[in-house]
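Me: I would like to go through this structure and ask, for a few of the terms applied to it, what they rest on. Could we begin with the core?

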Amino acid sequence: MTHSPANRRIGPFALTRTLAWLRLCAIAGQSMAVLVCALWMRLDIPLLPLLVGIGSLAVFAVFAAWRLGQPWPVREWETIGHIAVDTLVLGYLLYFTGGAANPFITLLLVPIALSAAALSVRAVLVVAMLAGLAYLILLRWHVPLPMPAQSGFSLHVAGMGVDFVITALLLGFFINRLAHALRVQQLEVQRVRERALRDEGILAIATQAAGAAHELNTPLGTMRTLLPELRREYAHDGLLDEDLALLQEQVERCRGILREMVAFGKAQLSQAPERMPLSQFVHGCLERFQLLRPEAELDLVLEPALAATVLGVPAGLRHALINLLNNAADASALRGSQAVALTIRRERDWLEFVVRDHGPGFDAGGQRPNLGQSGKQTGLGLGLALAEATAERLSGELRTGNSDDGAEVRLRLPLAALAAT
């Protein structure tokens, strides 16, 4: 089980990672403070116990860094355990350096403030109890800090100033990071909600399409039965026979589309990818596209080395690519052009299908139309929405933009999702 992006941005994992960075800062700062007090200020402090405490914290920091790299999730109780270790070590160091009289005692408040931004109320209360217990113990039991009689008060005030600056920087920086992570998570939740609404609309349209396909099967069957009889009856009329032949051809084409819809639904339910070379898949899509748009002038760019790649083509990818090509043909037609370009290339671990047209392009910023909205004079505005839904289902993405003389749509899919099985 891996950490989801949302959990990595906010929550126990984010706080544990923040504590790991704070721990490194604490080790460096504590080491410097101890050495300055012992070697430069010549204070009679227990150097060996303090270095043992800092060394123990360093060992735990290594363990925490290893733990954060593991795949299993970080639970709230585990984050509290990390805070407890940090509090214990800080309390140990404060015990040998004056206890509650040490100006750095307020550092016990930092974990409470950070926990309040990432953990539940119950967890924050536990952290507060740990800090409060450590403070009460240090009030009663501690080793007095040896301070020079003449400059003791001034050193204490200087320590309070340093403590204030450190606390302000730590709280300001790390709470800002947690707040930013929370805002990012809220934006992600909003995007997920928008995708759910889009998928709900697609599902509603698919339900209506399934019902329409079922109802159309009967009249198509009736026409398929009557048309051969009409052709035999009016065989002497050449013009009418040609029209009836064309009508019979269109009926067969409609029945073929209905059969493809049923086969696509079965493939979608089985989730079984179709294994074939990339070239075979692409040419199958192009043959279908040319039947739909015989007037289109398609320019295909596919490297021979890439064409031989065997893929496990998932259900829906063929329709997504055909939809993009059909949209491009419609866009080019708005400017009196029939040209459509398809470029297939590999970019590291991604397979890209780049479709270009010679139309008016997208609005400023390459903004795509919403579900059911189309910038074309005709069409339902579903092509891009369906292609984007297919890309997301395959852990890919759909990118849009404008080229020099039209629009460009890139369907990017990870090769791992298309690996033949």
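Reply: In this predicted model, the largest nonpolar core has 39 residues, of which Leu278, Phe281, Leu342, Ile344, Leu351 and Phe353 touch the most other members. At least two residues of this core come from each of several elements, including helix H9 (278-292), strand S4 (339-347), strand S5 (350-356) and strand S7 (406-414). The largest share, 8 residues, is supplied by H11.

Me: Which residues is Ile344 in contact with, leaving aside its neighbours within four places in sequence?

Reply: Ile344 is in contact with Leu278, Val282, Leu300, Val301, Leu302, Glu303, Leu306, Leu351, Glu352 and Phe353.

Me: Why is Ile137 called partly exposed?

Reply: The relative accessible area of Ile137 is 39%; because buried means under 20% and exposed means over 50%, Ile137 falls in between and is called partly exposed.

Me: What makes Ile137 part of a nonpolar patch on the surface?

Reply: Patches are made of residues with over 30% relative accessible area, a cut-off that Ile137 passes with its 39%. Ile137, which lies in helix H6 (residues 121-140), forms the patch together with Tyr95, Leu133 and Trp141, with about 410 Å² of accessible area together.

Me: Where does UniProt place the feature "transmembrane region", and how much of residues 121-141 is helix?

Reply: The unreviewed UniProt entry places this feature at residues 20-40, 47-69, 89-114, 121-141 and 153-175. The span 121-141 is 95% helix and 0% strand, with its end C-alpha atoms 30 Å apart, while residues 47-69 are 96% helix, with end C-alpha atoms 34 Å apart.

Definitions and conventions. Residues are numbered from 1 along each chain as its sequence is written. This is a predicted model: local features need pLDDT of at least 70, side-chain atom pairs count only at pLDDT 80 or more; totals for chains, interfaces and linings use all residues. Side-chain values use heavy atoms; hydrogens and water are left out. Patches are made of residues with over 30% relative accessible area and no salt bridge: like charges are joined within 9 Å, nonpolar side chains (Val, Leu, Ile, Met, Phe, Trp, Tyr) within 5 Å. Accessible areas come from the Shrake-Rupley method with a 1.4 Å probe; for residues, only the protein chains shown count as cover. A salt bridge is a side-chain nitrogen of Lys or Arg within 4 Å of a carboxyl oxygen of Asp or Glu. Helices (H or I, at least four residues) and strands (E, at least two) are DSSP runs, numbered from the N terminus. Buried means under 20% relative accessible area, exposed over 50%, partly exposed in between (1.4 Å probe, protein chains only). A nonpolar core is a set of buried Ala, Val, Leu, Ile, Met, Phe, Trp, Tyr and Cys residues joined through side-chain atoms within 4.5 Å. Contact means heavy atoms within 4.5 Å. UniProt positions are given in the numbering used here, feature names are shortened, and annotations may be inferred rather than shown by experiment.
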